[in-house]
Amino acid sequence: MREHEVPTHVQAEDKVLLWLTFPQIVAVVAVCALAYGAFRYFPFGPSEFRLGIAVVFGITGIALAVGKVGGRGLPLVAADLLKFNLGARRYAGAPAQLARSEAPPVPEAKPDPLRLLVKKAAAGVGKAARAARNKGHRPFRPHSWFGKRRPRGAERANGGKAATPNVRETQSRKPWYKLLAVAGLLALTVLVLPPTALADDPDDEDPGWRLDEIYFEPPDPVPGRRVFIERLAVSGNTAQVSLRAAHDLDLKVRVFGGRTGKTLKMGANSVLHSGERKSYNLTLDGPKPSFTFSWTDSLGFSGAVSLKSNQIPYPLPSADGELCDLEMTSLEWTPGSIRGVVASECISETRQEVDLPVYGGHFSQSVPALLDASVTGITGTVAVAAGPHRTTANFVPGGETHFRLPVPDRQAVHGLEITAELAATLNVPLPPMLTTTHHPARTDVYRRTVSLSCGECSVSRTVTIRVYHEEHVRAVENQRAPVTRTRPETLPLAEALGVGTDNPFRYLTVPPPKPPPPRAEQTGVGDSSWWSWWPW
């Protein structure tokens, strides 16, 4: 099962439904409930009027809870506008222009912005009441909304009996309908307006409460590496990685592999202090393994360092040759150098093709022959290159060849090229060779004395014998000494084997903490109690 980790330090709230956050959903539900309550339980007016009030209240509340202007909520925009229109002004000219020859008069104590707002609203209500009185409407009497009405002048004149009004006078007795929108907006502004909107904050550094942000000021990021890789060694199906922490942190190690390279194979958690080093034996699985080292430091920041598949030398290369089979058993990177071990298995006997003379002398003939040969010795070098950096090592037949390649001490991916140049000395025994001799035609004359005896008499004569030899060739078998041959061989062990290197270790330099910004404070002008602005 794949593991997903969501960071918790991001300055943004989770979206619960569509693009709405949880506070926005709660505010929308509350506004809809209040709008339904206004439609259902409003004390007077026809159903159309109550429905209009509910719709206006609902749309206004939802717009204030969800709407934004320039990425900021409508309550914050309304608070800024109210602060700008009702708050104190700031002089934009040069300070020298404010110099006076005489002391300035003592300014009058002005009420706070809420009192000014209530005063303006009361002035508007008074104007509406006077206009209604001049037009013959009934004066504004809030006490008559609930319970019994006070007797009017006509009732007192008739002995307490109510006069029968006409239809036109009855329809005109609704002055509060015109003031209902003003009162609703005033109440909504007082309830929704945050207290920090009226704060005397010249620098405007405190963003106040927002609906779409988490209520804390994130710290400034501290640049610099937290984790450095100081050793990477691959041997078989295991990689050993040494990490060193530049600051106190919680470290999580994750190993991915499998057929696609995205399957989580193993993990480990540990706590490292500044300057501490720790090694991990990690399993290599699949064609494209990778490692991820995620951390969370004591400063409240998090991050990760990864080793991708092109930075891990896996699988280690091997090559099969006629003389030797080579296999890289280990490859290790440490700051400044790359070390490796190449193991070899070489042959002791082989077959060598030679141009073998069969006859010699008067008649000669040679045929190609594949003869058994014994290997008397193998020599060579192993050349390793990574870009402009090169090195060579003497080849050890039937053993392990160690090499060391100097590389720059910096973060990079080095592509290794490893080539083995070998030469074998062969001892090839040769079979016996026939040496031929040409003999031309000749006659051999032999003289012999022949004696014949018969009784007492004997006769001796000299006889001449002639022997004729035809032309012919005679062959004689001769043993030959073995010959020595040299067989060269070039084995490309690796063409572009990637090895990842890291920068040298440095401790994390933490800057001194910044002084906290000045907090916004209320400036009291006159009596600024919350209950002092009500008109009683």
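## Exercises on a predicted model

Valine 499 is buried, with a relative accessible area of 2%; buried means under 20% relative accessible area, exposed over 50%, and partly exposed in between (1.4 Å probe, protein chains only). The model is a predicted one, in which local features need pLDDT of at least 70 and side-chain atom pairs count only at pLDDT 80 or more, while totals for chains, interfaces and linings use all residues. Residues are numbered from 1 along each chain as its sequence is written, and side-chain values use heavy atoms, with hydrogens and water left out.

**Exercise 1.** Determine where valine 499 lies and how far it is in space from leucine 331.

*Solution.* Step 1: valine 499 belongs to strand S24. Helices (H or I, at least four residues) and strands (E, at least two) are DSSP runs, numbered from the N terminus. Step 2: valine 499 and leucine 331 are separated by 168 residues in sequence, yet their C-alpha atoms are 9.0 Å apart. Step 3: a second pair can be treated likewise. Lysine 308 and phenylalanine 256 are 52 residues apart in sequence, with 9.8 Å from C-alpha to C-alpha. Lysine 308 sits in the loop between S11 and S12 and counts as exposed, at 52% relative accessibility.

**Exercise 2.** Describe the surroundings of aspartate 502 and state which side chain it contacts.

*Solution.* Step 1: aspartate 502 is located in the segment after strand S24 (483-501). Step 2: its relative accessible area is 5%, so aspartate 502 is buried. Step 3: the side chain of aspartate 502 makes a polar contact of 2.8 Å with that of arginine 225. A polar contact is a pair of N or O atoms within 3.5 Å; within protein, one must be able to donate a hydrogen and the other to accept it, and residues adjacent in sequence count only if both atoms are side-chain atoms. Step 4: a polar atom of the aspartate 502 side chain also lies 2.9 Å from the backbone nitrogen of isoleucine 229.

Arginine 254 is in strand S7 (residues 249-257) and is buried, at 13% relative accessible area. Its side chain is in polar contact with that of asparagine 269, at 3.4 Å.

**Exercise 3.** How many salt bridges does a search of the whole structure find, and which parts does the pair of aspartate 297 and arginine 226 tie together?

*Solution.* Step 1: the search finds 9 salt bridges, each being a side-chain nitrogen of Lys or Arg within 4 Å of a carboxyl oxygen of Asp or Glu. Step 2: one of them joins aspartate 297 and arginine 226, at 2.9 Å from N to O. Aspartate 297 lies in strand S10 (residues 290-297) and arginine 226 in the loop between helix H7 (176-192) and strand S5 (227-235), so the pair ties together parts that are 71 residues apart in sequence. Both aspartate 297 and arginine 226 are buried.

Step 1: aspartate 285 and lysine 265 form another salt bridge, with closest N and O atoms 3.6 Å apart. Because aspartate 285 is in the loop between strand S9 (277-283) and S10, and lysine 265 in strand S8 (residues 263-272), this pair links parts 20 residues apart in sequence. Aspartate 285 is partly exposed, at 31% relative accessibility, and lysine 265 is partly exposed, at 42%.

Step 2: arginine 442 and aspartate 444 form a salt bridge whose closest N and O atoms are 3.2 Å apart. Arginine 442 is partly exposed, at 33%, whereas aspartate 444 is buried, at 17%. Step 5: Glu230, Arg244 and Arg277 are linked in a network of salt bridges.

**Exercise 4.** Which peptide bond is cis, and where is proline 315 found?

*Solution.* Step 1: the bond from tyrosine 314 to proline 315 is cis, with omega near -5°. Step 2: proline 315 is in the loop between strand S11 (302-307) and strand S12 (318-320). Step 3: for context, most peptide bonds are trans.
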